Every structure is written in C-alpha cells, then in structure tokens.
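Dear colleague,

I am passing on the structure we spoke about, and below it you will find an account of what came out of going through it. Please read the account with the structure open beside you.

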Amino acid sequence: MSAGFPDFRLGSVLATSFTGTLSERHGDAVERIPVPHRLVDWLAVNGLAVDACTTAQLDLARELRESIHAAATAAAIQDTLPASAVQVINDFSAQSRAAAVLTPEGERRWRLSSTSSVEDALGVIAADAISIIAGERDGKLALCASPTCQAAFFDTSQSRTRKWCDMNTCGNRQKKARFNANQRKGLRPAE
C-alpha cells in the first residue's frame, strides 16, 4: 500500500469492503481513500484496475459508498431502504460497461475493458451491493458491534452470529478492552 495512508480493510464481499474505506464512522473517522490515486489502488487490489481517477470520480465513488452504507445499514436493521440511496446504487449499476466472466476455476470475476473508467468499476460495486441487499447471496447483513464503528458487513459464518466487521480490528479492540477491564477488577486491593 502507498506509504502515508491507512491500510485498506479488505474483506471477501466487494460492496461492504468498499463501505469500509471509511471506518470508525461513529468515532474518529478514518478515510482510507482520501485522494484519487488511493481509489485507483483500492480498485486494483479488488480486481477492478483502472488507469486513473479524477477528483470528480472520487466524489462519485464516495457518493456510492455512502449510499451502499445507508442501504446496507437499513437492510441489516430491517428498516426501509432509503429511496435516495437505492436510486444512486441503481444508477451506478445501470451505467456500468463491465462484464461478468467465468474463470477456469469456476469463479465469477468482473472484466473491465481497456477503455473502462472508474464509473464502470463503481457499477460492479453497485451490482454487488444489489445482490447482497436483495438477499440473493448466502449470508446476512449485520452491523459491527463496536460503538465507534458500526460498519455494515456481510456475515457468511455458519451461525450468522458474527459480531465484528473484522476480528483483527474491531473484535480485537473489544476483546482487549474487556481483558483490561477484567484485569483492573482483579487488581483491586483487598478490603
């Protein structure tokens, strides 16, 4: 990753990983795509390589990211999907020129043409969001139990009871805080 920028939080689900490019939404927010070339980096890491990104395209990406987050959050808490978020997601999906292709290993990948733009890559992310929000994939949308994070994530665990968007970040912080609190309780002087 490029020096000087926070690492990406990568997951196995494209749309929710994309919403994770802004983390700690209810605390000290961390923007992981603060400049256009970081969006290019994120897209490349996720198999959606594009040559360049403008500031206007980064603004579009953030609009899509926030729309996916709003719709996924509503779906996770079984609330009505925000109409404006649905419209943004649908518009990005409809405008994409990406093609789904089958790999020799039997997996679906997205192919962007040599002339594809950031908007085409964003269309792939929007299509992925549609499939998880619509319930077409095996799993369920949930919200991170961390009070400062509350990221939407797609839980594919067998029991569908996962609590953290990422065990290595939010889960680990919560476990560490619980451990430290228990240690402090055990260190009280005897009365």
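**Surface and overall build**

The protein chain exposes about 10600 Å², and carbon and sulfur atoms supply 50% of that area. Please keep in mind throughout that this is a predicted model. The mean pLDDT of the protein chain is 87, with 94% of its residues reaching 70 or more. Among the elements, helix H3 (residues 55-76) has the highest mean pLDDT, 97, whereas helix H6 (residues 167-186) has the lowest, 72. Where pLDDT is low, the predicted coordinates should not be read in detail.

The secondary structure comes to six helices and six strands, and from the N terminus on these elements run in the order α-β-β-α-α-α-β-β-α-β-β-α. Along its principal axes the C-alpha trace spans about 75 × 40 × 35 Å, and buried residues make up 39% of the 191 residues in the chain.

Ser 23 lies in strand S1 (residues 22-23), and it counts as buried because its relative accessible area is 3%, which is under the 20% limit. Its side chain is joined to that of Arg 32 by a polar contact of 3.0 Å. Once neighbours within four places in sequence are left aside, the residues in contact with Ser 23 are Arg 9, Asp 28, Ala 29, Val 30 and Arg 32.

Glu 24 belongs to the loop between S1 and strand S2 (30-31), and with a relative accessibility of 11% it too is buried. Most residues other than glycine have a negative phi. Glu 24, however, has a positive phi of about 55° although it is not a glycine.

In helix H2 (residues 36-45), the buried residues are Pro 36, Arg 38, Leu 39, Val 40, Trp 42 and Leu 43, and what covers them includes helix H1 (14-19), H3 and helix H5 (118-133). H2 is followed by Gly 47, whose phi is positive, near 75°.

Val 50 is found in the loop between H2 and H3. Is Val 50 buried or exposed? Val 50 is buried, because its relative accessible area of 10% falls under the 20% limit. Apart from neighbours within four places in sequence, Val 50 is in contact with Val 40, Leu 43, Leu 112, Ser 117, Val 118 and Ala 121. Two of these contacts, Val 40 and Leu 43, are among the buried residues of H2. Val 50 and Ala 121 are 71 residues apart along the chain, yet their C-alpha atoms are separated by 7.8 Å.

**Gln 150**

Another residue with a positive phi is Gln 150, where the value is near 50° in a residue other than glycine. Gln 150 is placed in the loop between strand S5 (140-143) and strand S6 (152-155), and at 32% relative accessibility it counts as partly exposed, whereas Glu 24, at 11%, is buried.

With best wishes

How values were computed
Residues are numbered from 1 along each chain as its sequence is written. This is a predicted model: local features need pLDDT of at least 70, side-chain atom pairs count only at pLDDT 80 or more; totals for chains, interfaces and linings use all residues. Side-chain values use heavy atoms; hydrogens and water are left out. pLDDT is the predictor's confidence in each residue, from 0 to 100. Helices (H or I, at least four residues) and strands (E, at least two) are DSSP runs, numbered from the N terminus. Buried means under 20% relative accessible area, exposed over 50%, partly exposed in between (1.4 Å probe, protein chains only). A polar contact is a pair of N or O atoms within 3.5 Å; within protein, one must be able to donate a hydrogen and the other to accept it, and residues adjacent in sequence count only if both atoms are side-chain atoms. Contact means heavy atoms within 4.5 Å. Accessible areas come from the Shrake-Rupley method with a 1.4 Å probe; for residues, only the protein chains shown count as cover.
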